[in-house]
Amino acid sequence: MAESAVFSEGVPCWVDAQLPDVDAGKRFYGELFGWTFAEGYGPSGWARLRGEAVAALAPKRDGRMPTVWTVYFAAPDVTALSRRVTEAGGRLITAPEPVDTLGTAALATDPEGAVFGLWQTGTHPGFGRRHERGSFCWAELYARDTATVDRFYGSLFHDALFGPDTTPDFGRAPVSDVFPAEMPPHFLVHFGVEDCDAALRTVSRLGGRVQAAPFETSYGRVAVVTDNQGASFAVLER
């Protein structure tokens, strides 16, 4: 569905991937999800699905940085929300910083160290499409101390998770449900696909890898993969 409204606080509103080779990422995701690419901010590439923005691929600024997908939560006042993150036991990695006229971004961690972003809208409101094939459909937090992160996000994003008439697209599961116990807590971005098994065959053909074969969840049939540069994400069949 095409989006037109600004996202409410705490709603996942954007995703990006930090990659060693953005052009290789464009080829991989372009074939897997049918994305086309336009110029983004600086060297970043903006992925579009039927003309609407769905994600960004950005070059890693430092080789020591992880190759990852990051989910951003909407922050009408990113400075105030950043302060609440630290008051609730989280930590700021980068303080709020303008991204040209597009908006203002910050990176933070929850009390267990899972990284997420905050995004205050400027000229870029976030997803132009979501909840459909080839676009963002879900973000799952894999955590060890589930009680601690439940309190953290429950207080930080209460209305987005529990408000009247809300339909959250953000969930939480113990790390050991899918990943080895030594895996650090993290968010896993899910993209919609028509057929999970067919998507896995495409991932493998393009040089990616299957981390977890398809399994059933309360929100659909999921498989976890890495792209051809090591960034993990999930494909979701509903």
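Colleague: What makes you call Glu 216 exposed?
Modeller: Keep in mind that this is a predicted model. The relative accessible area of Glu 216 is 61%, and exposed means over 50%, so Glu 216 counts as exposed.

Colleague: Why is Arg 221 called partly exposed?
Modeller: Its relative accessibility is 22%. Buried would need under 20%, and exposed would need over 50%, so Arg 221 falls in between.

Colleague: How do you know that Arg 221 forms a salt bridge with Glu 216?
Modeller: The closest N and O atoms are 3.7 Å apart. The cut-off is within 4 Å, so the pair qualifies.

Colleague: What makes Asp 197 and Arg 221 a salt bridge?
Modeller: Here the N to O distance is 3.1 Å, and that is within 4 Å too. Asp 197 lies in helix H5 and Arg 221 in strand E13 (residues 220–226), so this pair ties together parts 24 residues apart in sequence. Asp 197, Glu 216, Arg 221 and Glu 237 are linked in a network of salt bridges.

Colleague: Why do Glu 31 and Arg 205 count as a salt bridge?
Modeller: Their side chains meet at 2.7 Å, N to O, so they pass the 4 Å limit. This pair links distant parts of the chain, with Glu 31 in helix H1 (residues 22–33) and Arg 205 in helix H5 (residues 196–205), 174 residues apart.

Colleague: And how many salt bridges does the rule give?
Modeller: The count comes to 11.

Notes. Residues numbered from 1 in each chain as written. Predicted model: local features only at pLDDT ≥ 70, side-chain atom pairs only at ≥ 80, totals over all residues. Heavy atoms only, no water. Helix = DSSP H or I, 4+ residues; strand = E, 2+ residues; numbered from the N terminus. Buried < 20%, exposed > 50% of the residue type's maximum accessible area, 1.4 Å probe, protein only.
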